[in-house]
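Subject: Structure for your reading

Dear colleague,

Please find the structure below, together with its sequence.

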Amino acid sequence: MSLSTVEVAYPEVSPEEPAAGGIQGRTPLRLVIARLRTDRVAIASIVVILLIVLLAIGAPLIAAITGHGPTETNVDTGTDANGQPLPPGSAGYLLGTDNLGRDILVRIAYGARISLLVGVLATAIATVVGVVIGLFAGYYGGWFDSVLARLMDVVLSFPYVMFAIVLVSVFGPSLPLTILVIAFFSFAAIGRIVRGQALSQREKEYVEAAHSLGAGNLRIMFVDILPNLVAPVIVLATLLIPAAIIFEATLSFLGLGVVPPTPSWGNMLSDAEGVGFQAWWFYIFPMLFLLLTTLAFNLLGDAVRDALDPRTERIFAGRRKKKRT
Amino acid sequence: MIRFLIRRIVLGLITLWVIITLVFVLYYARPGVDPARELAGRAVTPALLANINKEYGFDQPVIVQYWHYLERLVPIPGHFDLGISNNNRLPVTTIIAQAVPIDLSLAAGAAVLWTVIGISVGVLAARRPRSLMDRGATVFVLTGVSMPVFILGLLLLYVLYYLLTIHGIAIFPKPGSWTPITTNPLEWAHDLILPWITVALVIAATYSRLTRSSLLETLGEDYIRTARAKGLSERRVVYRHALRSSLTPIVTQFGIDLAGVMGGAIVTESIFGLPGLGLAVVQAIQVQNLPVVIGIVLVSAAFVVAANIVVDALYAVLDPRVRVS
Amino acid sequence: MVAIAAVVVAACGTSASSTPPGAAQSNNLFNPSSFNTSNISWLSANQNASGSPVMGGTLQIEGSTDLSAAADPQGEYETIGFTLERAYARQLLSYPASTDLTKAESVVPDAAASMPTVSSDGLTYTFTLRTGLMWNTRPPRPVTSQDFARGILRNCDPTLSPNGNPGYYMATIAGFKAFCTAFEASSPSESPAARARFINHGMNSVSGIKTPDSNTIVFTLAQPATDFNNIIALPFASAAPVEYLKYTPLAPGNVLYSDGPYAITTYNVGHEIILTRNAVWSQSTDQIRHQYVNEIDVKLDLAGSAAATEVQQDLAAGTADLEWNTNVPPAAIHGLESPTWNPQLGVFPAPGTTNPYLVFNVQSPNNGGALGNVKVRQALEYAIDKVAINKIYGGATLNEPLNQVIAPGAEGYVPFNDYPTPNNQGDAAKCKSLLKAAGYPNGLTLKDYYRNSGNHPAVFQEVQADFAKCGVTVVGTPIATGYYGSSGIGVTSPDGLKAGHWDITEPGWVPDWFGPTNGRATLPDILDGALSFPGSDWGGYDNTAVDSLVAQAESATTIGAAANLWHQADEQVMKDAPFIPFETSLTPLFHSSRLHNAIFIPFSEYYDITQVWLSS
């Protein structure tokens, strides 16, 4: 997925934005929440995400209930006489087994942990790094900014899998390396936007005012400019999470990310390739969960973006009107 | 304009140099690691190691090695030397030369597809905001953005190849089929249909999003209002006037995406068995064939940097405001 | 020196309930001496041999990997190389294609006019060439004894990817070891002319190889060897024309000379190899091969992990005739065996194969040197569920648990099991208690380097799970496939194992030849510490008692004595427990319906492509 096209139509929210269309004044946060409440799609995605989180948290419980662990091989009873996986519904395996006789439901639950962990952690790191670098680049400008901007452009356009291949060929695949690779690749997406914002914000009057009051550069960057960026950064971060999840799944699929026996939705699909299409359950279920998760985050990100954008007030006003009548 | 170009080229060369040096550090100069052993790959003997050491000069000071390394990368025939593959003793340049036509073919067809689909969907959606067409486009976009390329590829293979073929409808060729265009153009296209769709759909989704938002923005501008007031048909307004200026972000994105695909659509090639750069580097990594890995990484990096420069130049041509900045 | 066959051993499956036609018990296929081949249809008759041979047609072979040494007979060491060499490279002696397994394992004269004359002390072998053997040079010229000498000497060329091919000749032919060591140590970046000089010098200076005239070649051994004929029959001893001295190493496109029924006319690297009839070969000079088809077309570029399935589909549809490096995929086997046995399927014994097995790095310093303690290793011998490993490789009808070094059908096989477990499924309790007695009540942590392709990740996970039940934690590192290389198993000096990068790993072994004299082809290669470094003794095991037994077996004067000594070596090794054997396997092969006369040759674990004809 090309992160460079993740776009945000960020409104210029200066600190005192009158609540559009509303009678009483509300803080931007309350405004956003109010809008989201009327967005059925947003609510649905939040529910789905919560369910996946529950699945991840409850993975050991599922393992205990079914009596199957996520990584213990079970070739003797979990595969048929030819060593092939069992289809869903056989002998207590709700979603079937994999090529080593392991319970697919249990592995999907543990795989959810990986996806969520990598997705959120990598995005968090990328966000922090991207914000810092973007702020510095945009605020100071000059050649410093040119170099950083160019670096971010190249990072964004470099085929990320190739990049991951380089690092893995040198250091070997592992979970921390995967997180770092994804974070490194994603920071540029945030950095670019933050830089653009910082570039335009530093010309503003309030920045000039802060200067004349004697405020230091760091203070101006982080205390004055940064709060204005919270909205677009949040949207971008929410949209980066599914990109990070997809990234990890792709790396694991190629054998460059999470390595067996730890289950990841990506490496489960790689194992499935070795078995063949006739074991459809081995493909379809990991695919389904992966798509569901990324779709939910993407829908949520879009909804949050619409909620933050005052230009879409028409839609939300319409919805509120519908509810009232 | 010239100054702008020169600045961009210089920046690009610096970036390329940074990447080249990073590769050198990672592979040839890591402390505690014997680069000769890494490069030797398959079964190692003391004699083989001694020879590699002599050829690459690993017994010399690092700075001398670095100089020789840079020398070998000067793109003049006679100088340019990416080493020999461990696997079959072919020069890496030959291996790359053989793989490039596949990537060119993949990129060309996919580029046509994603441009046509992406822009048309985006335009149709922008012309009728919030219509059924627009909602459909949104679904298309969301699916494309949430779907990892490897899953799309696997799904297409499963449904269009496996399911159809086992029911006797063998329309699509099996993975691994490749016919050069010079041998049989029809067969060439036939073998590439599924890979083209796989690569194109995800990018088309982001393009339609870009087109839609860019066109919507343009359609709100004054000169469009003027054109409409003058009585021009909506069609002319959209296609003759608005589209041209809204395509600028797309053009720049196009260059980057094209370079990325040409650099080796790694996942697509792996799934469909196309012998391009992507598959070559994945296979090389599996057999610890480092000269090939390094060679392909460097070539891809050069591609990407060159594409960035071209894209910048194009952007400057299309949007005069940029040149002055 | 076939360490790992270039055959994707996909996990094949066979329903235990369907039996091959004529086989009383399918398990007997594992021990060829205990089944009657005439009862098994695909072993008793040349497959599909009805009717008379039809001349013409193109044999289509399909696969997913290229040769590793550009078809150079002195360079190839994978079974796909051997398969192709059958068509264009002849040896002094070779194996006939026969459905009688005993005949198939016994050498017969090929380029030699008759079996060699052996001196009474067993040290001198004299071969006389047939007349009429020609190279397809322009103009054609006769094959000479110097060509065979040159072939053997070329094995030591330093530009060849290091392999164990020269080892057999170094161990037997007098004066060869000195020549070979010197040649291998010379610089590969010298010109081919310099290397040619070296070889030419060797042709006069190696005392154990003499060519008194162009039709005679005399080998003098350093000590007697009951298997020297087998060693001469290896493709590494193929004749090499003088033109090969111009290019070292040979690159694809240089191996165009042939003394066999076919010659390589096109080699499109990574994509295709085409062989066509060699006009100067005549049937009267060759009692082994035939020249029925016009052309052999090998397509090598199916990529992706589903290659085996695609090849199978093509074979069934008839768009290809034979697989190249893949096996019949697991999901397909069941459908081919029941309800009735598909006549295009054959399941063949490769007696003596042990693939995979687990080897201990006995020099590893990890865990306080635990793996150097024989009691620890003996405890771990009880850990593995070998039936589960069988299933990973396709189930009980294709695989059988193995509990010793020498597998059924190999020289010196006498069944015994020092570490019995119920049903060969492992005994965790016993493993645990023995570990405790050895001084490790809290278990161990072992590092496993496992290959990242085929069934190996599954094998690793099974090993990890089995050891876990015994209290041993296994931490895995995936390594590059193909060969154990620099960051994997191979170390650059015998002391490298002491660094302890890995504790266990799972290689595989296919003997280089089969039959009653193939003792040298397995045990010493994988377990003899005295062999030249690097060998395949991955774990660094060395026991002088075993070395001495091996040396005696290799220089025994009768086959019976040799077999007995191999068995003793087997017993000694298993007492030391330097490795855990897992299984021995059968090879399932499939061919198209228009292919006739498919005969399995054990050496390449494949059909003999010079026997087949095509007709619908």
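This is a predicted model: local features need pLDDT of at least 70, side-chain atom pairs count only at pLDDT 80 or more; totals for chains, interfaces and linings use all residues.

Contacts between chains

I begin with chain A and chain B. In this pair, 43 residues of chain A are in contact with 44 residues of chain B. Together the two chains bury about 4,200 Å², and 76% of that area lies on carbon and sulfur atoms. One salt bridge is counted between chain A and chain B. Its partners are Arg209(B) and Asp302(A), whose closest N and O atoms are 4.0 Å apart.

Chain A also meets chain C, with 18 residues of chain A in contact with 25 residues of chain C. Here the buried area is about 1,600 Å², of which 51% is on carbon and sulfur atoms. Between chain A and chain C the count of salt bridges is zero.

A helix pair in chain A

Within chain A, helix α2 (residues 40-57) packs against helix α12 (residues 280-308) at an angle of about 140°, and their axes are 8 Å apart. Because of this angle, α2(A) is oblique to α12(A). The two helices, α2(A) and α12(A), cross in a left-handed manner. On the side of α2(A), the contact includes Val41(A), Ala42(A), Ser45(A) and Ile46(A), while α12(A) contributes residues including Phe289(A), Leu292(A), Thr293(A) and Ala296(A). Sorted by class, the residues in the contact of α2(A) with α12(A) are 14 nonpolar, two polar and no charged.

A helix pair in chain B

How do the axes of helix α5 and helix α14 of chain B cross, and at roughly what angle? Helix α5 (residues 92-127) of chain B and helix α14 (residues 290-318) of chain B have axes that come within 10 Å and cross at roughly 55°. That angle is why α5(B) is described as oblique to α14(B). The crossing of α5(B) with α14(B) is right-handed. From α5(B), the residues Val92(B), Ile95(B) and Ile96(B) take part, and they meet Pro291(B), Val292(B), Gly295(B), Ile296(B) and Val299(B) of α14(B). The contact of α5(B) with α14(B) comprises seven nonpolar residues, one polar residue and no charged residue.

Yours sincerely,

A colleague

Methods. Residues are numbered from 1 along each chain as its sequence is written. Chains are lettered from A and ligands numbered from 1 in the order in which they are written. Side-chain values use heavy atoms; hydrogens and water are left out. Axes are lines fitted to C-alpha atoms, for helices over the stretch in contact, and angles run from 0 to 180 degrees between N-to-C directions. Helices (H or I, at least four residues) and strands (E, at least two) are DSSP runs, numbered from the N terminus. Angles under 35 degrees count as roughly parallel, over 145 as roughly antiparallel, 65 to 115 as roughly perpendicular and the rest as oblique. A crossing is left-handed if the near helix is turned anticlockwise from the far one by less than a right angle, and right-handed if clockwise. Contact means heavy atoms within 4.5 Å. Ala, Val, Leu, Ile, Met, Phe, Trp, Tyr, Cys and Pro count as nonpolar, Asp, Glu, Lys and Arg as charged, and the others, Gly among them, as polar. Buried area is the accessible area (1.4 Å probe) that two parts lose on being put together, summed over both. A salt bridge is a side-chain nitrogen of Lys or Arg within 4 Å of a carboxyl oxygen of Asp or Glu.
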